[in-house]
Amino acid sequence: MHVDEFLKKENRESLAKELTKEGLFELKEETIRGNTYNTFASAPKTLGEYFQFALIHGEWDFLAYEDESYSYQEVLNKAAGLAHVLQETYNIEKGDSVSFSMRNYPEWIYSYMAVTSIGAIAVPLNSWWQGEELDYGITHSESKLFIGDDERLERLKGFVEDIPRIAVRCDASAYENAVNFDEVVEPKESFPVVEVGPEDDASIMYTSGSTGYPKGVVATHRSIINTPVAWAFLATLAGSLESDGPTFPQPEKPCTLAAVPLFHVTGSHSNFLLSLLSATKMVLMYKWDPLKAIELIEKYKVTSFSGVPTMNQDILRTSEENPDIDVSSLAMLSGGGAARPPEQIKDQEKNHPTKAAGVGYGLTETNAAGTNASGKLLYSKPDSAGFPTPLVHEIKILDEEGNEVETGELGEVAIRSASNFRCYWKNEEATKEAMDSEGWFRSGDVGCVDEDGFVFIKDRIKDIVIRGGENIACLEIEGVIAEHPAVAEASVFGIPDERLGESLVTRIALKPGQTLNEAELSSFLDGKIAKFKIPERMWFQEDELPRIASGKTAKKLMREEAIKELGLD
């Protein structure tokens, strides 16, 4: 089939039906929590099986971090060693939660593999969170152990002191109730044997929505595994097409640069878990530096990169500024976590034709699954977010009453598949609000679907700002700002930012007779919330904030005024 034919929804589904009759991608119907979904019949049933499944590729160099290099078997053995420590030293049992937070270290991957392999629940916390935020994640998830590096352990001083800690790449003696990772974890040849099922809980990942506290998104083993297998299936579909240009490059020796934080589904799923299906080497990068990134691309012959759109742009710009650094191995630049500007895609097609552009749209609640497109499939509709994986992921657009709208009409994007989360941890009300009885998850994003089944994201319903791929709940920041004694009320919102997609700003009404400036408020917020949540622009006024008829603050009006004042319109 030619790529032009594949652009049509009915042709994608026709080809998908042929390729799902047998083999790894054979589909079968499975009833999950009362609803029927297409699932991959031959896919591993649990993450423990999934990690062993990767051995079908034989032995390969899997991880590189600075001067360190680890084969896949070495990674498995280290994870198995940690799994035994979790069981034998900390009495972690099936269903117990274990939190971890650190830079993009190999130990993050060991922790994820060890915890999920023994049926415990992995809780990867945002490494940018401050002490109170980490305390919330550990306490809310009911974690029995915390694994973290120096920066995270330092922030946790004075919090959850009864929770034991394993210290990663630092001196545990500086912290209460802590032991050194390398002193207690010895490589083992096998994991402890625990009976785990596909619908058992595997992880809780925290995401900021429109309410104050982040919600804990509970994913099962099946829902997590379904996404990377679906991506591999989509790559197989794209790789089978006839085209006069790249659709989805599949290098002989795949290698990816993992610079997105692993605590995001983009990092954990598209970088880490997907790599196991294709024997892809991962080069870990713990802090974003475009020059360092292209140096690593040259050193390791990196073939693919998946990150937020700003990172893609940084790589292209920095490679142009440093022509002596060879990035010719790079065949794929994909963006996720935030909308990728169509101008960026058009520029990549025109000026970097050997590096296929890619986009992906998904959420933590869908385990990053939703829509994808790359290369020629994307260049035909560069302002789209791609299309759902045929026969596996479903998307429809709903009006305010929950009815499906006509093709091309705007509404709320809803997603349905076996990749969807099970629930919000200890929040049944929010779960019912977000996901209906038929398994459709309401994303909070406004979009439309064209006649070819491509999805276009236009706006958001939820009161969140996406800054460089980070979801920021405006209500949460408003609450922290309101703690300042001079503040009567605050409204937080996003404005366009060429590099980050959006930047966070606030308009504040002061209490009578009080004064406050940007430096004072920024200092007050520093340490209370992660630095990326501190508004970059602040306006202060004595009068109350403008309101709409319902009495709510006129956030849309304030946003329009800020955009106009800053000359961004």
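Visitor: What covers the buried residues of α18?

Guide: This is a predicted model, in which local features need pLDDT of at least 70, side-chain atom pairs count only at pLDDT 80 or more, and totals for chains, interfaces and linings use all residues. Residues are numbered from 1 along each chain as its sequence is written, and side-chain values use heavy atoms, with hydrogens and water left out. The cover of the buried residues of α18 includes α16 (474-481), β25 (487-497), β26 (501-510) and β27 (537-541). Helices (H or I, at least four residues) and strands (E, at least two) are DSSP runs, numbered from the N terminus.

Visitor: Which residues of α18 are buried?

Guide: An α-helix has 3.6 residues a turn, so residues three or four places apart point the same way. In α18 (residues 555-565), the buried positions are Lys555, Met558, Ala562 and Ile563. These buried residues line one face of α18, because they fall within an arc of 135° seen down the axis. The arc is taken from the directions from the helix axis to the C-beta atoms. Lys556 and Lys564, on the other side of α18, are exposed. Buried stands for under 20% relative accessible area, exposed for over 50% and partly exposed for in between (1.4 Å probe, protein chains only). Gly567, with a positive phi near 70°, follows α18.

Visitor: Where do the buried residues of α2 lie around the axis?

Guide: Arg12, Leu15 and Ala16 are buried in α2 (residues 9-19). They lie on the same side of α2, because their arc around the axis is only 105°. Glu10 and Lys17 are exposed on the other side of α2. Among the elements that cover the buried residues of α2 are α1 (3-6) and α9.

Visitor: In the loop between α2 and β1, is Thr20 buried or exposed?

Guide: Thr20 has a relative accessible area of 8% and is therefore buried. Not counting residues up to four places away in sequence, Thr20 touches Phe25, Glu26, Leu27, Phe233 and Leu391; contact means heavy atoms within 4.5 Å. Gly23 also lies in the loop between α2 and β1 (27-32), but Gly23 counts as partly exposed because its relative accessibility is 41%.

Visitor: At what angle do α9 and α10 pack?

Guide: Two packed helices are described by the angle between their axes and the distance between the axes. For α9 (residues 221-239) and α10 (residues 265-278), the angle is about 70° and the axes are 9 Å apart. Axes are lines fitted to C-alpha atoms, for helices over the stretch in contact, and angles run from 0 to 180 degrees between N-to-C directions. The two helices α9 and α10 are therefore roughly perpendicular. Angles of 65 to 115 degrees get that label, those under 35 count as roughly parallel, those over 145 as roughly antiparallel and the rest as oblique. From α9, Ile224, Pro228, Val229, Trp231 and Ala232 meet His269, Ser270, Leu273, Leu274 and Leu277 of α10.

Visitor: How are α4 and α5 oriented to each other?

Guide: Helices α4 (residues 72-88) and α5 (residues 106-117) pack at about 60°, with axes 8 Å apart. They are therefore oblique to each other. The contact includes Tyr72, Val75 and Leu76 of α4, and Ile109, Tyr110 and Ser111 of α5.
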